[in-house]
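The following exercises concern a single protein chain.

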Amino acid sequence: MAFENILVEKTGGVAVIRLNRPKAMNALNGQLMAELAQALAELEADDAVRCLVITGNEKAFAAGADIKEMKDRSFMDVYKTDFITSTWEQVTKIRKPAIAAVSGYALGGGCELAMMCDFIIAADNARFGQPEITIGTIPGSGGTQRLTRFVGKSKAMEMCLTGRMMDAAEAERAGLVSRVVPVADLMAETMKAAEKIASLSLPAVMMAKEAVNRAYETTMAEGVRFERRLFHATFGTEDQKEGMSAFAEKRPPNFKDR
Ligand code: CAA
């Protein structure tokens with residue numbers, strides 16, 4: 001599939017997906033989301049790719065679902081096609097890590113897409129919001145659930161009920177983003193994190209991701225039990241032997257993903 005709304009670039013073990021509808025603030029239309037889902041599936045299957053980055057441009061990560069495309073749809077249109085569920089959630093299904101590098105607006109479906117990634121690095125000009133209420137609807141891509149888990153009920157309620165945007169500093173204070181960097185350094189800083197992850201044992205990275213995600217789905221006791229079994233499982237890998245031996249021998253590890 002030739003992509004028209006996203007750009008995909010692979011550098012070493014890192015694949016960068018750039019949302020690319022700059023004239024529409026990267027509004028997420030059906031074609032863009034189908035392309036994104038397809039790219040994610042391909043990159044997940046590509047053994048050369050060990051970490052993914054999703055980004056936009058300096059002005060906008062994405063200003064939400066494409067309002068002009070969806071404005072005339074009926075209930076039956078969106079229900080029958082299972083709008084959102086059918087293609088938008090692919091990033092939650094991949095097992096490799098995905099980082100969102102957010103500069104400018106991350107609104108509505110754009111904020112929700114960033115929250116579906118494993119963590120968010122924000123530029124200092126980033127602005128996050130769920131403004132759906134101001135156009136007569138509500139978040140539909142997980143915003144009411146994920147934002148609430150990230151920032152707590154009070155802030156999530158205020159944002160979903162008023163459409164107020166959060167700037168990068170507030171997003172960092174509230175725990176929505178892992179850190180804030182100057183806008184000019186966003187890609188360099190994100191690539192540093194992605195390259196670090198790509199240099200590690202992929203099975204260990206995947207297990208760590210699976211274990212952290214479990215925290216959102218189960219009780220503390222069950223989550224810790226799940227983590228403990230995955231921790232034990234790493235002792236069955238060559239990479240754990242290599243990683244610990246390399247530490248003891250004061251040399252860099254040579255992971256083989258086995
Ligand atoms: N859908 C379609 N087009 C959009 C868009 C969107 N979500 N956001 C911006 N655009 C378009 C504008 O219509 C405009 O197009 P034209 O040049 O053809 O007029 C172009 O992008 C540039 O936008 P603005 O002129 O509005 O730029 P600005 O700098 O004045 O404002 C903005 C930027 C604050 C992001 C403003 O564009 C805005 O408020 N956008 C809509 C945000 C929004 O409501 N998002 C939620 C969508 S609903 C959703 O996402 C549902 C869900 O949960 C899945």
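Is Thr 190 buried or exposed? Thr 190 is buried, with a relative accessible area of 0%; buried means under 20% relative accessible area, exposed over 50% and partly exposed in between, with a 1.4 Å probe and protein chains only.

The model is predicted: local features need pLDDT of at least 70, side-chain atom pairs count only at pLDDT 80 or more, and totals for chains, interfaces and linings use all residues. Residues are numbered from 1 along each chain as its sequence is written, and side-chain values use heavy atoms, with hydrogens and water left out.

**Exercise 1. Locate Thr 190 and list its contacts.**

Step 1. Thr 190 belongs to helix 9, residues 186-198. Helices (H or I, at least four residues) and strands (E, at least two) are DSSP runs, numbered from the N terminus.

Step 2. Leaving aside residues up to four places away in sequence, Thr 190 touches Val 53, Ile 99, Ala 101 and Ile 121. Contact means heavy atoms within 4.5 Å.

**Exercise 2. Describe how helix 6 packs against helix 7.**

Step 1. Helix 6 (residues 143-151) and helix 7 (residues 153-162) have axes 7 Å apart, at an angle of about 140°. Axes are lines fitted to C-alpha atoms, for helices over the stretch in contact, and angles run from 0 to 180 degrees between N-to-C directions.

Step 2. This angle makes helix 6 oblique to helix 7. Angles under 35 degrees count as roughly parallel, over 145 as roughly antiparallel, 65 to 115 as roughly perpendicular and the rest as oblique.

Step 3. Thr 144, Leu 147, Thr 148 and Val 151 of helix 6 make the contact with Lys 153, Lys 155, Ala 156, Met 159 and Cys 160 of helix 7.

Step 4. By class, this contact of helix 6 with helix 7 holds five nonpolar, two polar and two charged residues. Ala, Val, Leu, Ile, Met, Phe, Trp, Tyr, Cys and Pro count as nonpolar, Asp, Glu, Lys and Arg as charged, and the others, Gly among them, as polar.

**Exercise 3. Describe how helix 5 meets helix 6.**

Step 1. The axes of helix 5 (residues 109-116) and helix 6 come within 10 Å and cross at roughly 55°. Helix 5 and helix 6 are therefore oblique to each other.

Step 2. From helix 5, Glu 112, Met 115 and Met 116 meet Gly 143, Arg 146, Leu 147 and Phe 150 of helix 6. The residues of this contact of helix 5 with helix 6 comprise four nonpolar, one polar and two charged.

**Exercise 4. Where does Ser 178 lie, and which residues does Ser 178 touch?**

Step 1. Ser 178 is in the loop between helix 8 (168-174) and strand 10 (179-181). Ser 178 counts as partly exposed, at 41% relative accessibility.

Step 2. Not counting residues up to four places away in sequence, Ser 178 touches Phe 119, Ile 120, Ile 121 and Glu 172.

**Exercise 5. Examine the phi angles of Asp 82 and Ile 84.**

Step 1. Most residues other than glycine have a negative phi.

Step 2. Asp 82 is not a glycine, yet has a positive phi of about 50°. Ile 84, also not a glycine, has a positive phi of about 85°.

Step 3. Asp 82 is partly exposed at 38% relative accessibility, whereas Ile 84 is buried at 10%.
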